[in-house]
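Please have a look at it on the screen.

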Amino acid sequence: MDSQIPALTSTPRTSALEIAQQTAIPDRKQEDWRHLDPQAFPWEEFEQAALQEYRQPCVDSQVESGVVLPTIDAAKLAQILAIREEDADSKFLYLHRALTSPIVAYRIPGNLRDGAIRIVQRISGPAAPTIVLYVESGADAIVYHRWESETSGATPMIGRIEIMLERGARLQFLHEDQLSAASPLYYRAHTQLAENAHLDWGVFTTGSVWHAAKMTIDLQGAGAESTTYGLFCGAGARTAEHRTVQNHACPRAKSDLVFKSLLAGKSHSVYQGMIRVEKAAQRTDAYQASRNLILSPTAHAETIPRLEILADDVRCSHGATVGTVDVNMLFYLMTRGLSRAQALAMAAEGFAEEVIRRVPLKDIAARWRSAVQQTIGNNLA
Amino acid sequence: MSNKAVDSDIDNYERYGFHQPEKYLVKMDKGLSRRVVEEISAYKNEPSWMRDFRLKSLDIFLSKPMPTWGADLSGVDFDNIHYYVRPTDRPQHNWDDVPEDIKNTFDKLGIPEAEKKFLAGVGAQYESEMVYHSLQKQWEELGVIFLDTDTGLRDHPDIFRKYFASIVPPSDNKLAALNSAVWSGGSFIYIPPGVHVTIPLQAYFRINAQNMGQFERTLIIADEGSNVHYVEGCTAPVYSSDSLHAAVVECIVKKGARMRYTTIQNWSRNVYNLVTKRAIAEDDAIVEWVDCNLGSKMTMKYPAVFLKGKGARADILSVAYAGSGQHIEAGSKIIHSAPHTTSVVVSKSISRGGGRTSYRGLLKILNGAVGSKSSVRCDALLMDEMSRSDTYPYMDVKEEKVTLGHEATVSRIGDEQLFYLMSRALSQAQATALIVQGFIEPVVKELPMEYALEMNRLIQLQMEGSVG
C-alpha cells in the first residue's frame with residue numbers, strides 16, 4: 001500500500017516498538033500457528049533490546065562481490081520494505097522494524113551478468129538483519145546468503161529478506177541458515193516477480209530449537225517463472241517450520257516448488273504450503289511437493305500442502321510423501337557390503353542430493369552436502 | 001440457459017423439490033432451550049440418563065464457539081429452527097399403515113419399489129422421526145437388529161448404552177453437542193458375529209417442514225466377523241429459508257468385520273449439512289465410507305476412521321459437486337494408531353457455475369503404528385472460471401516405518417478430450433457429461449447398481465445446463 005510508505009520511512013523505532021508491544025503474540029488457535037508455540041519465542045529479550053538507546057546490531061556482515069554494487073534509492077527501498085499486510089505474524093514484523101539493523105540493500109543493475117555475490121552474516125545476540133535485493137531488467141545474477149551464529153549459545157534473531165525482480169530479470173538466490181541449536185529464529189522472505197522475471201531459489205537449514213520461516217513468491221507479471229527447492233536436515237531436538245506461499249495473480253505464470261525434510265533424532269518438521277491462484281491467473285502452471293524422509297522412530301513430520309484455485313484454465317497439483325528408507329533399497333546396499341548405518345546414510349544423502357545438485361555454486365553445494373553428512377552421520381553411527 | 005437446462009431443473013424439482021402440506025402431531029416452536037430439550041425427552045419417554053445426557057450436551061453446545069475454520073456458517077440461525085417435529089406417533093412396519101401424505105412422498109421418491117427389489121431392510125425418516133421401518137425376516141432370524149434409534153434405545157438398552165456416544169462424545173464439536181441434545185430418529189443397527197448381510201440396508205431421510213432441523217443419530221455395531229452395507233439417501237424440498245441437518249453417525253466395527261456406509265446426499269440448496277461421522281475399526285476390520293455430496297447449501301463432512309486394531313483398513317471414496325451458491329467441504333479424517341493399518345482416500349470434486357468445493361483431510365500416524373500405509377488422492381475439476389476448488393490436507397506422522405503419499409490435482413476438462421468426443425458426433429454437453437462421468441467413475445463403480453445409475457443421472461442433470 002502506497003499510503004504506508006511514508007509511515008514506514010518516518011516511523012521512529014520507538015513507535016514501531018509501541019505497535020509491536022500492542023500487537024498480540026500469535027494465538028495457537030490461528031491456523032498458521034497450530035504447530036509451533038509462539039509463546040516460546042523470546043519476545044521479552046527483543047523488546048528489551050529495542051528499548052536501549054544505542055545497541056550493537058549484533059550482526060557482522062561480510063559481502064563478497066566481483067563488482068561494486070550500487071545502492072537502492074530511499075523511495076524504492078521504502079516501497080520494498082513497507083509492511084504490506086497485517087497478519088498473524090505482524091508482531092514479528094514490527095519488532096523487526098523496531099530493531100532492524102543492518103539493512104543490506106543492493107541494486108543489481110541490468111548490465112550485470114553471471115555475477116556471484118556472497119553475503120554472510122554472523123549473529124551474536126537479539127538481531128534483526130534485513131536483506132534487500134532489487135534486480136533490474138536484463139540482470140542475471142547469483143546471490144548466496146547465510147545467517148550463522150557467532151557463538152554456540154543462543155543467538156535469537158528475526159530476519160527479513162525482500163527480493164524484487166523487474167521485468168525479465170533473472171536471479172538465482174541461495175539462502176542458508178545454520179544457527180546454533182539454542183537459537184530461536186523467525187524470518188520472512190518475500191519475493192516479487194514482474195513480467196517474464198525468473199527466480200531460482202534454494203534454501204537450506206539445519207533448524208534450531210525454534211525455527212519459523214515464511215517464504216512468499218508473488219508472481220505479479222505474466223510469464224513470470226519461479227523454481228524453489230528447500231531442504232531441512234534436522235537432528236537432535238531441532239525443529240523447523242516452513243510456510244511457503246505461491247501467489248499467482250497474473251496469467252501464464254509458472255511456479256514449481258519442492259521442499260524436503262530429512263529427519264533424524266527427535267527432530268520435527270512442519271511444512272505448510274499454499275498455492276493460491278486468483279481468477280485473473282488463467283493458464284497458471286503450479287506445482288508443490290513436500291517430501292519427508294524419517295530416519296528415526298522419534299522424529300515427527302507434519303505436512304499441510306494447500307491449494308486454493310479460483311481460475312479454471314490451470315494446471316495445479318501437489319504431492320506429499322512421508323516415509324522411511326525403502327527396505328528393498330537398504331537390502332540391496334547391504335548385499336553390496338555396506339553396514340546398515342552406511343546404507344541408511346547413503347539413502348539419506350541421495351534424498352538430499354535432489355536439492356543440492358541444483359545449487360549453481362560448487363563450493364556452496366559442497367558445504368550443504370557436508371552439513372548433511374555430518375548431521376546424518378552423527379545420528380546413525 | 002438452454003431449454004434443456006430448464007427442463008432438467010424442472011425434472012429435478014419434480015422428483016425431489018416438491019413438498020407436502022405440513023401436518024404434524026407435534027411441532028415445537030422455534031428456538032432452543034432447556035425446556036425444548038426436556039420436552040423432546042418427555043415426548044420420547046426416555047430413561048433419565050438420556051435426559052441428563054441431553055441436558056449436559058446442551059450446556060456443551062452453548063459453551064462452544066461456532067467453528068470458523070471451514071465453510072462460512074454465519075448464516076446458521078439456531079433460534080430460527082424447529083428442533084423437533086413429529087409427524088406420526090410411531091414407526092410403522094407395514095407400508096400401508098404409513099400416513100397417506102408421507103407415503104406419497106416416499107412413493108414419489110421410489111422407496112417402496114426399491115425395497116421390494118433389492119434391499120434387506122428399509123427405514124424412512126420424515127422430519128424428526130422414523131415413520132417406517134422394516135427388515136426382511138431371514139435377517140431378523142439371524143439376530144440382525146435394524147431399528148430406528150429411539151426404538152433401539154427402548155428395546156435394547158444394554159447394547160445401546162454401551163456404545164452410544166462412545167465414539168462421538170458431545171464435547172467433540174459444537175454440532176455434535178447440538179445433535180446430542182436434540183437428537184431424534186436415525187438408524188440403530190446391530191449385526192451379530194459372523195453374519196453377512198449380503199444385500200444393503202437402507203435409510204431414507206427427508207426434511208419437509210420449513211426451517212426444520214434434522215438431527216438424526218445413527219449407531220451401527222458390526223460384531224466380530226460380520227459384514228454389512230448401509231445406504232442412506234437424503235432429500236428436502238426447496239424452501240426460501242434455510243434448514244439445518246446435523247447428524248451424528250457412530251460405527252463400531254469389531255475384529256474382522258467389514259462395514260460399508262454409503263451416502264447419497266441430495267439436500268435442496270438451502271440446507272446446511274453439518275455432519276459428524278466416525279467409525280472405529282478393530283483388528284483386521286474394514287471400514288468403507290462411500291460419500292456422494294451433490295446437494296445442500298453448505299456441507300461440512302469429514303467421515304472419520306480410527307484404525308485402532310492391528311491390520312485394520314479404511315477406505316474413503318467421495319464425490320462432491322458444487323453448483324451455483326454451493327460450498328461443499330467434504331474430506332476425511334484417519335488416525336492410524338495400530339501397526340500395519342492401511343488407509344486409502346479417493347476424493348473427486350466438481351465445481352461449476354460459481355460453486356466451491358473443498359477437500360479438508362486429516363491423516364495422523366501415531367508412534368507405534370509401524371508398517372502403516374496411507375494413500376490420499378484428490379482430483380478436482382473446474383467447469384468454468386467462476387468456480388473455485390481448494391485442497392487442505394493435513395498430515396502428521398510420528399512413526400518412522402510408514403509409507404504415506406498424498407496427491408492432488410486441479411484442472412479443467414481438456415480441449416483435446418472434448419474435441420475427440422465431438423469429432424465422434426457427440427454434442428458438447430454430451431461430451432462434457434461423459435467426461436465428468438468418467439472422472440467420478442472410480443467412486444460410482446463402488447455404488448450398488450441402482451444407485452450408480454441414479455448418481456450418473458443426477459450428474460447428467462447437473463451437467464446439462466453447463467454449456468451453451
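Predicted model: local features only at pLDDT ≥ 70, side-chain atom pairs only at ≥ 80, totals over all residues.

The largest nonpolar core has 252 residues, where a nonpolar core means a set of buried Ala, Val, Leu, Ile, Met, Phe, Trp, Tyr and Cys residues joined through C-beta atoms within 7 Å. Buried, here, means that 20 or more other C-beta atoms lie within 10 Å of the residue's own, while exposed means 12 or fewer and partly exposed is in between, with C-beta atoms placed from the backbone. The residues with the most contacts inside this core are A:V135, A:L165, B:I189, B:V253, B:M259, B:A281 and B:V287. Its largest share, 8 residues, comes from helix α7 of chain A, residues 340-356; helices (H or I, at least four residues) and strands (E, at least two) are DSSP runs, numbered from the N terminus.

Residues are numbered from 1 along each chain as its sequence is written, and chains are lettered from A and ligands numbered from 1 in the order in which they are written.

Let me turn to the strands of chain B. Strand β10(B), residues 227-235, has 7 of its 9 residues buried, so it is largely enclosed by the rest of the structure. Strands count as paired if DSSP finds at least two bridges between them, and β10(B) is joined in parallel by 6 bridges to β7(B), residues 201-206, with B:Q202 having B:V231 as its bridge partner. β10(B) also pairs in the parallel sense with β13(B), residues 258-266, over 9 bridges, and there B:N227 stands opposite B:R258.

Which residues cover the two faces of β3(B)? On one side B:G121, B:G123 and B:Q125 are buried, and on the other B:V122, B:A124 and B:Y126 are buried. This strand, residues 121-126, pairs in the parallel sense with β7(B) over 6 bridges, and in the antiparallel sense with β4(B), residues 129-135, again over 6 bridges. In the hairpin of β3(B) and β4(B), which has 2 residues between the strands, B:E127 takes a positive phi near 55°.

Finally, A:K29 lies in the loop between α2 and α3 of chain A, and A:K29 is exposed, because 10 other C-beta atoms lie within 10 Å.
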